[in-house]
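Keep the structure in view while reading.

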Amino acid sequence: MITDYRAGASLASISREHGIPKGSIVALLARHGVERDRRNRPKPSADVVVQMYVKERLSMREIAADLGTSANVVREVLDPRGVEVRPSGRHSKGWSLDEAGDE
């Protein structure tokens, strides 16, 4: 995990990969004297984010996980481009109660 972090991996991506809360990773880094990288990481490409959100209909969380960033950063990329944000939850992908059947 320390090697991944030093190589530029985000806390979120390390957390997902190892199934460990970010706070535990921060504590591990501190115990080993690893200084936190507090500089701003570059935002993902707007074209890629819009493609994933609009055309592939991925959620902001899914995009963030794929790109190693946060859902907030994804929203910061979408907002200035006037992309209409879908409501969260399963309905955002076009699923509806009418299609669910009578189970």
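A residue is called buried under 20% relative accessible area and exposed over 50%, and partly exposed in between. The model is predicted, and every value below is computed from it.

By that cut-off, Arg57 is partly exposed, because its relative accessible area is 34%. Arg57 sits in the loop between helix H4 (46-55) and H5. Its backbone is worth a look: Arg57 has a positive phi of about 60 degrees although it is not a glycine. Most residues other than glycine have a negative phi.

Turn now to H4 itself. Which residues of H4 are buried? They are Ala46, Val49, Met52 and Tyr53. Around the helix axis these residues cover an arc of only 135 degrees, so they lie on the same side of H4. An α-helix has 3.6 residues a turn, so residues three or four places apart point the same way. Asp47 and Lys55, on the other side of H4, are exposed. What do the buried residues of H4 pack against? Their partners are H5 and H6.

The loop between helix H5 (60-67) and helix H6 (71-78) holds Thr69. Is Thr69 buried or exposed? Its relative accessibility is 18%, and therefore Thr69 counts as buried. Neighbours within four places in sequence aside, the contacts of Thr69 are with Ala12, Pro44, Ala64 and Val74.

Technical notes. Residues are numbered from 1 along each chain as its sequence is written. This is a predicted model: local features need pLDDT of at least 70, side-chain atom pairs count only at pLDDT 80 or more; totals for chains, interfaces and linings use all residues. Side-chain values use heavy atoms; hydrogens and water are left out. Helices (H or I, at least four residues) and strands (E, at least two) are DSSP runs, numbered from the N terminus. Buried means under 20% relative accessible area, exposed over 50%, partly exposed in between (1.4 Å probe, protein chains only). Contact means heavy atoms within 4.5 Å. The arc is that of the directions from the helix axis to the C-beta atoms.
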